[in-house]
Amino acid sequence: MKKSFLTWTVLAACMIVVSLAHSETRLRMSTTTSTEASGLLTVLLPPFEKANNVKVDVISVGTGKALKLGENGDVDVVFVHARPAEDKFVADGYGVDRRDVMHNDFVIVGPKSDPAGIKGAKSAIEAFKLLAEGKADFISRGDNSGTDQLEKQLWKMAGITPKGKWYIEAGQGMGAVLQMAYDKQAYTLTDRGTYIAHEGKIDLPILLEGDKALFNPYGIIAVNPKKHPKVQYDLAKKFIEYVTGPEGQKIIADFKVKGKQLFFPDAEKQ
Amino acid sequence: MNLAYEIRDLRFSYDNSTALFIEELLIPSGRIVALVGPNGSGKTTLLHNLAFLVVPQTGTIKFFGELQTHRNLLDLRRKVGLLLQVPYLFHETVLANVMWGLRVRGIPRNRSREIARATLEQVGLSGFEKRFARSLSGGESQRVALARALALEPEVLLLDEPTNHLDKESAERIEEIVIELNRGYDKTVVIATHDAQTVQKLAHQVINLCDGRMVNDLSSSSSCADPDYNNSRK
Amino acid sequence: MDFLGKALWSALGLIVSLDPEVYFIVWTSLQVAGSATVLASIVGVPLGLLIALNRFRGKSAVLVVLNTLMALPTVVVGLLFYALLSRQGPLGDLGLLFTPSGITLGLFVLAVPTVVNLSLAAIQALDRNLFLTCKLLGASLSQEAVKIVKEARFAITAAVVVAFGRVISEVGIAMMLGGNIRGFTRTMTTAIALETAKGEFELGLALGTILLSVALAVNAFLFLLQRSGKQ
């Protein structure tokens, strides 16, 4: 009886000790779920981690939360794709050193039968007008993510406030929303990366693409050390330079999903 | 003569109602004293006071000349053994049960084991060491409880209606052990009982309790008549 | 049904392939849930003992509160502790946010009411004569306390097992306080949440199967331990 008690205490102590020990330098980055899901980070981060002997902790959440974490100083760097929100973030003094990194694009997918007839539309805005007129089932992210913000912007530019049974706000990630659109044979706006990743399982053709309005630019911002002195500003800056520098940009350009390039490097030379 | 207990002006109550009021009680050492009275007369309460499990609100108890205070409660407790009506045995082996009181007093494991074995033999339970204590019969359980108390070599042994739930044979065995303890080892014994035959057989002295007080004669008032007294054994 | 079958098969595949990422996720789950449960037991069982054995003013209020806390919504705990552990929160300097220790802390808070409440019940269910017997055998308060816990050991172990079940299947706190960081704070539950959000239902279900198996294994182990204790 005494012996087993001893083993238990030792085991318990081990668990507690191990869970408390984590002393490596870690750079914390918040980004969006779609960015992590694309798989880009698994190739983009390791060279930086090795060269600088750090670990990059990636916290992937919705765009809104990613920026909020930056506001609170819980992360060191923010990597999202929602230009207006990013600009506000910097203007409010929460972020510094914002740089363009890359862009991917969005596409509008929907049922093969295309009941709303958007296939021939000349622009995304026109397509959205057609969707609202036809009251075709449309699944929205509804979670204030980058995708969601773009979608809302398009409605705004089309002069429409989407309302009604046909407009379904899912409040979920892109993968789940695509699945839902497939199940319901509805339309939705999706980033190309997630679409490609699900190509085998979700049989919803791309009905509109290529419109500049559907471009999805990514920005990287360091959290302002003046607001949160404890953030690792120097390390964040190093990371930003890496990502926007020749090595990072090349990795981004070379990254392919199912043989197709997803992201297009955008960083200007500084 | 030595006094095991000298009690004066003892008043004990649970939550407001006085359960016990004893002006004077002297229990000589080396004697067997029977405590008699109907249910609710305060026998158990008195025994618990004698075992120093509770502290009376007023009054004094002297144990072999030592006055009970709040500070020496644990020490005095360790000098008295008490057997409950229905013994509580731990969920362990018989041996472990008997050993626990010794271990609690810091006696090393091996020595405890020896003493426990010897005491079990004393109560006629040799060979029961590895048995699971809770699986024993009523009589066997009571004997384990007795062994558990005796192993600690108490100066006084208190028994609360120990043979109440037992069959004839087990009851007699317990009584034999008590007699042996008193005659052979000079142990002071206080035994609460309903059984007239037990009183006859064992007691040097009888204390009658009625409504928490000592009386000379139980038959004098109807409220103190013990309906269970004189019950012949099953 | 084919869907479920595929998931079970993938689960097996994941385990057999010795995918290090999967094993690390399982280990992280066990670590945070295990530590939280152990700590909650160290704090909770004595607390349950104290409350069970003492009379004090406001005891009934305490019991009602404890019962309520057992049904604490995990997101509430997550939110509360996020606010506390955030860099601009009062405990921000501890640097616990987005670390396994942060998750452990949140899970600990979740587990304690369960352990206290069930230990309390276990002790209140004991025969009163136990307490009397300990006293009359001359035990001090601490010796009596240890004995009481020993006598109630089966019910108390059950309490610990319930608490463990609650924390290992918990997702809100792990997500909020851990951040689901790959290779660091990703637990089985947050991984499942992630895969499901990505639409990878099969992988999610596969991980879920592993989670259930792990919970089953832990319970079986504790059960066998109890049984050997009985003999």
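In what order do the elements of chain C run from the N terminus on? They run α-α-α-α-α-α-α-α-α-α-α, in a model that is predicted.

**View 1. Chain C as a whole, a chain of helices.** Chain C holds 11 helices and 0 strands, and its C-alpha trace spans about 65 × 50 × 30 Å along the principal axes. Of the 231 residues in chain C, 46% are buried. Among the contacts in chain C with a separation of 6 or more, 77% are made by residues 24 or more positions apart.

View 2. After H8(A) comes Gln185(A), whose phi is positive, near 55°.

**View 3. The contact between chain A and chain C.** Chain A contributes 26 residues to this contact and chain C contributes 25 residues. On the side of chain A that touches chain C, the elements giving two or more residues are helix H1 (2–20), helix H2 (33–38), strand E2 (55–61) and H8 of chain A. The largest share of that side, 6 residues, is supplied by H1(A). By residue class, the side of chain A that touches chain C consists of 10 nonpolar, 12 polar and 4 charged residues.

**View 4. The open sheet of chain B and its edges.** Four strands of chain B form an open sheet in the order E2-E1-E4-E5, with antiparallel pairing. Strand E2 (17–28) and strand E5 (66–67) of chain B stand at the edges, and because each has a single partner strand, one side of each is left without a neighbour in the sheet. Strands of a sheet pair through backbone hydrogen bonds, in either the parallel or the antiparallel sense. Strand E4 (residues 58–63) of chain B pairs with E5(B) in the antiparallel sense over 2 bridges, and the bridge partner of Lys62(B) in E5(B) is Leu67(B).

Notes. Residues numbered from 1 in each chain as written. Chains lettered and ligands numbered in written order. Predicted model: local features only at pLDDT ≥ 70, side-chain atom pairs only at ≥ 80, totals over all residues. Contact = placed C-beta atoms within 7 Å. Nonpolar A, V, L, I, M, F, W, Y, C, P; charged D, E, K, R; others polar. Buried ≥ 20, exposed ≤ 12 C-beta atoms within 10 Å, placed from the backbone. Pairing = 2+ DSSP bridges.
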